[in-house]
There are 2 protein chains.
Amino acid sequence: MLNKTRFVSPATEVRIRQAIQDLNYEPDHIARSLRARRTLTVGLLVSDIANPFYADIVRGAEDVLSERHYSLILCDTDEAPERELASLRLLRQKKVDGLIIVPTGANVAPLYEANSAGLPIVLVDRKLPGDLLDTVVVGDQAGAYQATCHLLEHGHRRIGVIIGKASISTTDHRRKGYEQALIEHGLSPDPTLVRDGHSSIEGGAAAARELLDLAPRPTAIFSTNNLMTVGLFLAIKQRRLCCPKDIAVASFDDMVWLSVFSPGLTTIAQPNYEIGKRAAELLWDRMAGKQDSPRIIVLPPQLIVRESCGHGLPQSDA
Amino acid sequence: MLNKTRFVSPATEVRIRQAIQDLNYEPDHIARSLRARRTLTVGLLVSDIANPFYADIVRGAEDVLSERHYSLILCDTDEAPERELASLRLLRQKKVDGLIIVPTGANVAPLYEANSAGLPIVLVDRKLPGDLLDTVVVGDQAGAYQATCHLLEHGHRRIGVIIGKASISTTDHRRKGYEQALIEHGLSPDPTLVRDGHSSIEGGAAAARELLDLAPRPTAIFSTNNLMTVGLFLAIKQRRLCCPKDIAVASFDDMVWLSVFSPGLTTIAQPNYEIGKRAAELLWDRMAGKQDSPRIIVLPPQLIVRESCGHGLPQSDA
DNA sequence: CTGAAAGCGCTTACAG
DNA sequence: CTGAAAGCGCTTACAG
């Protein structure tokens, strides 16, 4: 009766407010959710909250959603399709009003089915075939293109690339951007220079070792996400090489920490927080019942030039 | 009836399972929660999920809780007491079965009240006066003591310290560890060498500038958390100084990223993930009805020696 | 052993 | 305009 659903006489209102005070009454959200058929809760499914990229996204979403009185249930998938599926199912049982998800790419149908069944969903960081759901991504191909061009402009011709997991849209797009840049510069992409880093630190390190052990060694390496970049630098250290002197590096993803340590990493920064924020706003519209066709938002990446690409060809300095 | 609450004849069971299949039945968790008076949901209140320290803690908690079929509602407080209070209230209305919280320190009574009212709570990262709640912290004083001793052993006598927000237990403890080390080495703590960095990047930078502008300049600075360390390095850069040549640095908190960039940061690593994991386990016991007195778990910090303290007094190298 | 009723705490129509 | 009943989808005692 206090939900402003109709007029209440001032006298009764005072009486009721008094009672609320006296009894220390707090409404029960569970009962309210059951009856009102909405929980004011949203599910947030990310690969790994310990990865700062996703943590920033979550923060962006949290800020807009909490301000609108929504809570958020967080789940990590670890890129495991079965975990993703289990979480999706649980979240539906818990009757979340909406879902923001970084899809593994392996559960397309269940996601579309859930959406058709009335669950608003917005995809984040990765697209899904068909583009049937609201999506917020970054211009991955453009970003990778920029990074590779930057390397090419520094005179590099043998540029290795560490790519992420297959089945993730960013992997394809970033690889495409890399190849596009090479081709536009009259080079033909060499398959031996592209290695799968599995989007992880260990995978990145292994891929980097393969690249560094090639003869002749590439003069530059483009690592396509933050975790693999850590692996790359681990490998560089292990091989007792020095960046940018022995090997130039361009990367994807940025963090404050990277701005103060050496070598200053030249990287493609993504608007992490903004991704989460925009996703939450899209979701908000859907939860409010907006019915138009799926919106695909592509946010611009930004090349941050620091020092890891050197000022020219690395070995020419030596 | 399928909740294993009593025997069901095989025939009926088959019939029911068939119906579940046919109707695509999924239990409604909201209705279940209302009736069963438990939600299988836990609240997680941290300062800022975008801070990798807290993200790791959340991950640790998520792993043990999700395995036990609990979901987790995430809230950021931004160290704002009113946000903390609002979240606590909301979480209670949403009838979470338990709460893991990094307390701001400003809402002690409400936390104790909620706990008395039957809400299991475990404190994380920070203690609260009275120690009335289960708590998982790190040996902050011991850690700060170790870091400071390390600096002292490298010949430093004028050691600045950037401390965090007042009202947070870690701030006091880390400051105490710093002073203890000085005293044990026959030095008397100099108040002009301790600056408040407000536990933030900007605050850390401002505090660092004050320290770096002192005449004579301290030969070393101990920064007591990850954010303030970023600020410290920003200030070092701004003043065109070089670590460890011009100024030695010891820090608190570690990250994989720090292991591959220069200068290798000598720091006190906390077992972030473990903190979250242990907290979740404590909470689990409480939610299961365990009734003994509050358990205060103090996890050991670990000194990671890299290169930011140099091999001796910084200016003697110059 | 099993069916049917009561009730969790709200909100939402429905009478008056 | 306002009170009282019905009902959200479950679980939990209670009969049979």
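**Entry 1: the two copies**

I was looking at a predicted model, in which local features need pLDDT of at least 70, side-chain atom pairs count only at pLDDT 80 or more, and totals for chains, interfaces and linings use all residues. Residues are numbered from 1 along each chain as its sequence is written, chains are lettered from A and ligands numbered from 1 in the order in which they are written, and side-chain values use heavy atoms, with hydrogens and water left out.

I took helices (H or I, at least four residues) and strands (E, at least two) as DSSP runs, numbered from the N terminus. Buried means under 20% relative accessible area, exposed over 50%, and partly exposed in between (1.4 Å probe, protein chains only).

Strand β1 (residues 41-46) of chain A has 6 of its 6 residues buried, so it is largely enclosed by the rest of the structure. A:Thr41, A:Gly43 and A:Leu45 point one way from β1(A), while A:Val42, A:Leu44 and A:Val46 point the other way. I then looked for its partner, counting two strands as paired if DSSP finds at least two bridges between them. β1(A) pairs with strand β2 (residues 71-76) of chain A in the parallel sense, over 6 bridges. A:Leu45 has A:Cys75 in β2(A) as its bridge partner.

Strand β9 (residues 248-252) of chain A is mostly covered, with 5 of its 5 residues buried. Here A:Ala248, A:Ala250 and A:Phe252 point one way, and A:Val249 and A:Ser251 the other. Strand β8 (residues 220-223) of chain A runs parallel to β9(A), joined by 4 bridges. A:Ser223 is bridged to A:Ser251 in β9(A).

**Entry 2: enclosed space**

I worked on a 1 Å grid over the protein atoms alone: a cavity is a set of points where a 1.4 Å probe fits but cannot get out, a pocket is an open set with protein on both sides within 12 Å along at least five of seven lines, and lining residues have an atom within 4 Å of a point. Grid points are joined across faces, edges and corners, and a volume is the space filled by probe spheres set on the points.

I found 4 cavities of 30 Å³ or more. The largest cavity has a volume of about 200 Å³. Of its 14 lining residues, A:Ile30, A:Thr41, A:Lys94, B:Ile30 and B:Thr41 lie nearest the centre. The elements giving two or more residues to this lining are α2 (29-36) of chain A and α2 of chain B.

The second largest cavity holds about 50 Å³. Its lining includes A:Trp257 and A:Phe261, along with B:Asn226 and B:Phe252. α9(B) gives the most to this lining, with 3 residues.

α4(B) gives the most to the lining, with 5 residues.
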